[in-house]
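Colleague: Can we go through this one together? I'd like to start with a pair of residues and then look wider.

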Amino acid sequence: MKLLRAFAFACMALFAPLAPAGEPVPAQQVMVMLEMPRAHFRADGNYSGGYSDQAARAALRRVANDIARAHGLRIVSEWPMPVIGVDCYVMEVQGSRTAAEVAQKITGHPHVAWAQAMQEFSAMSSGHDDPLFSMQPAAAQWQLAKLHEVASGRGVRVAVIDSGVQADHPDLAQQLDARMNLVTDKPDVAELHGTGVAGIIAARADNHVGIAGVAPQSRLLALRACWQAADGTRCHSLGLALALNVAIERGADIINLSLGGPADPLVQRLIEAAIARGTAVVAAARKDLAGGGFPASVRGVVAVGDGASQRGSGMVSAPGTDVFTTLPVSRWGAVSGSSYAAAHVSGLLALVAELRARGRVSPVSTRAPLATDLVVGDDGRIDACASVARAAQSCACTCATMAGMESGTRR
Amino acid sequence: MGGAALLAGAAHGQVSGSLTLDSDYRFRGVSVGEGRPAARAGVNYDAAGGWYAGGSFTRAQYASGSRYSQVTAYGGRVVALTPALNLDAGATYWWFSGGGGYNFAEAYAAVMSREWSMRVNYSPNYFRDGFRTLYFDATAHRLITDTWRVFVHAGALVRVSPRPAAVDYYSDYSYNTGPEPTRTRWDVRAGIGWNVTDDIDLQLAWARASRNGPIPATREGVRGGWVGSATWSF
């Protein structure tokens with residue numbers, strides 16, 4: 001065993017991310033702290049000054065070898081720590097014993113200050129490794145990382161009726177169940193609005209790039225019913241109607257309509273049919289129009305604006321300013337508008353839908369519209385944590401904190 | 001701390017020791033045997049609270065070639081001044097074979113860090129020559145790799161007794177009477193050390209002492225020279 005002259009530190013605190021499921025569990029290691037006398041004058045000193053403690057460490061090595069032999073351990077490394085007066089020996093536990101058991105047996109041996117298992121720590125980072133995550137308004141305002149400890153939209157289908165979603169965007173590539181173009185007279189390309197909305201709802205989380213969607217494990221039906229024109233994103237009645245048909249037929253749980261326009265009987269009939277089947281329909285609202293405009297004002301549609309709104313206006317609000325999201329081509333950027341607020345709500349309702357399906361609560365309540373689980377403040381702002389807690393019928397953000405306090409160190 | 005009981009250090013003594021071969025036994029820079037080798041065995045006992053004691057046995061030769069033995073015993077205590085500095089104090093006694101005419105005692109105090117130490121030794125009757133002395137010792141080392149180090153030492157042996165008018169003194173191994181010799185002997189040593197294995201250490205150094213000063217004196221021709229040492233620790 002080569003003598004390692006690194007003084008202190010590396011032994012005790014290992015800061016490393018938790019090993020993801022599937023990685024092999026490392027052999028258990030026990031750390032044996034031997035009492036190391038302070039260096040002092042010795043008649044046999046080597047005359048080369050300072051801590052001439054080689055003889056003392058040789059003696060400790062004998063002790064360590066005896067301990068290793070007596071307990072069936074293999075010495076891995078030695079780390080003198082003069083600052084606390086111990087020489088730390090790392091030993092590998094062989095067989096099926098745990099390091100904690102072995103440490104218990106060794107503590108009490110002469111010359112052993114104490115023995116302990118090598119323990120693992122993990123970094124307390126934001127919860128997602130997507131680099132732009134911390135810049136997403138939902139990360140702070142909705143405590144998105146905490147929500148994702150409870151639900152992620154798994155098994156929920158969200159139809160995005162919008163302009164063209166970039167299907168091979170790095171943050172969206174595996175998130176689409178289907179992509180269809182229902183505006184056949186316009187060339188099918190990746191477009192800003194649709195890509196941005198899709199990313200807010202379901203951008204892949206923990207893929208080391210970009211952002212994390214509100215419901216990163218939901219499945220998207222990207223239905224292109226709109227196109228990007230010089231002066232904005234445009235849609236027409238036919239495209240919307242066709243898209244709504246597809247969404248309903250394909251059993252979408254949530255339909256996102258980040259758009260507004262004149263009251264349209266065809267579109268309204270289809271929206272009402274979707275709602276009747278229990279599909280949640282979310283639409284972007286315009287504050288300057290009664291009821292938020294169309295289709296936001298249709299009965300049963302969740303009308304979403306960004307920023308505070310009047311109580312009783314029937315509108316709710318979600319983050320919609322300076323939202324980082326996926327954009328074509330294969331990039332990310334900040335967008336603003338109630339379109340993107342609506343996308344947040346679609347994602348949140350996907351979390352609610354997953355919790356309902358998982359909870360298998362009584363059939364009556366599962367038939368209640370998803371939006372009934374939304375907890376909304378006086379100013380219309382959605383309390384995402386409370387909404388998820390209500391859907392899960394347990395706690396969400398706050399109970400995650402309390403669990404951490406119980407298992408962590410006491411302050 | 002999770003998973004282990006903290007035991008407040010059972011006070012069991014630790015015994016350790018070493019065997020050393022020197023190509024030239026220099027005591028504070030003075031080559032007693034004029035380049036003749038010596039062997040030394042040392043043992044040390046560390047008790048709780050920083051108390052320690054130990055001894056050594058050295059077999060060396062005088063310049064005349066006759067062999068002699070030197071036995072030392074020491075004891076002291078080391079405490080922490082700061083997390084990085086130790087304060088060490090104790091006393092040593094030297095016995096020399098061949099009549100005991102040189103036996104003497106010394107007290108010492110030192111400040112030591114991981115890389116350097118500064119020590120002062122006081123003897124009331126250094127080598128039984130009737131003088132009080134102080135020996136100042138500064139030594140430092142630095143690791144240049146995991147196993148190689150360089151070191152340097154400077155020492156000053158100072159006679160602190162009042163200046164004698166005329167005295168019998170040894171200088172250059174001649175017996176003289178006359179004006180008192182210089183009161184201070186400087187000695188320096190610089191070298192390189194190699195930790196070959198966990199237990200074996202080799203050193204090569206160049207050492208030199210100034211002329212005169214309190215006994216033991218050094219002859220002109222051998223004031224400076226190379227010294228090699230090999231130590232086995234256990």
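Colleague: Is A:Cys226 buried or exposed?

Modeller: A:Cys226 counts as buried, because its relative accessibility is 1%. Buried means under 20% relative accessible area, exposed means over 50%, and partly exposed is in between, using a 1.4 Å probe and protein chains only. Keep in mind that this is a predicted model: local features need pLDDT of at least 70 and side-chain atom pairs count only at pLDDT 80 or more, while totals for chains, interfaces and linings use all residues. Residues are numbered from 1 along each chain as its sequence is written, chains are lettered from A and ligands numbered from 1 in the order written, and side-chain values use heavy atoms, with hydrogens and water left out.

Colleague: Good to know. Which residue is A:Cys226 joined to by a disulfide?

Modeller: The partner is A:Cys235, with an S to S distance of 2.1 Å. A disulfide here is a pair of cysteine sulfur atoms within 2.5 Å.

Colleague: And how exposed is A:Cys235?

Modeller: A:Cys235 is partly exposed, with a relative accessible area of 29%.

Colleague: How many disulfides does the structure hold over all chains?

Modeller: One, over all chains.

Colleague: New topic! Where does A:Val86 sit?

Modeller: A:Val86 belongs to strand 3 of chain A, which covers residues 86-93. Helices (H or I, at least four residues) and strands (E, at least two) are DSSP runs, numbered from the N terminus.

Colleague: Is A:Val86 buried or exposed?

Modeller: Buried, since its relative accessibility is 3%.

Colleague: What does A:Val86 touch?

Modeller: Leaving out residues up to four places away in sequence, A:Val86 touches A:Met33, A:Leu34, A:Met36, A:Trp79, A:Pro80, A:Met81, A:Ala113 and A:Trp114. A contact means heavy atoms within 4.5 Å.

Colleague: How far from A:Val86 is A:Val112?

Modeller: They are 26 residues apart in sequence, and their C-alpha atoms are 8.9 Å apart in space.

Colleague: Let's look at the backbone. Which residues does the cis peptide bond with omega of about 5° join?

Modeller: That bond joins A:Phe294 and A:Pro295. A:Pro295 lies in the loop that runs between strand 11 (280-284) and strand 12 (302-305) of chain A. You can find A:Val329 in the loop between strand 14 (323-327) and strand 15 (331-335) of chain A.

Colleague: Why do you pick these out?

Modeller: Because most peptide bonds are trans, and most residues other than glycine have a negative phi.

Colleague: What is phi for A:Asp206, then?

Modeller: Phi of A:Asp206 is positive, about 60°, although the residue is not a glycine. A:Asp206 sits in the loop between helix 5 (192-202) and strand 7 (219-224) of chain A. With 39% relative accessibility, A:Asp206 counts as partly exposed.

Colleague: And where is A:His208?

Modeller: A:His208 is in the loop between helix 5 and strand 7 of chain A. Its phi is positive too, near 65°, and A:His208 is not a glycine. A:His208 is exposed, because its relative accessible area is 58%.

Colleague: Zooming out now: how many helices and strands are in chain A?

Modeller: Chain A has eleven helices and 15 strands. Chain B has zero helices and 16 strands.
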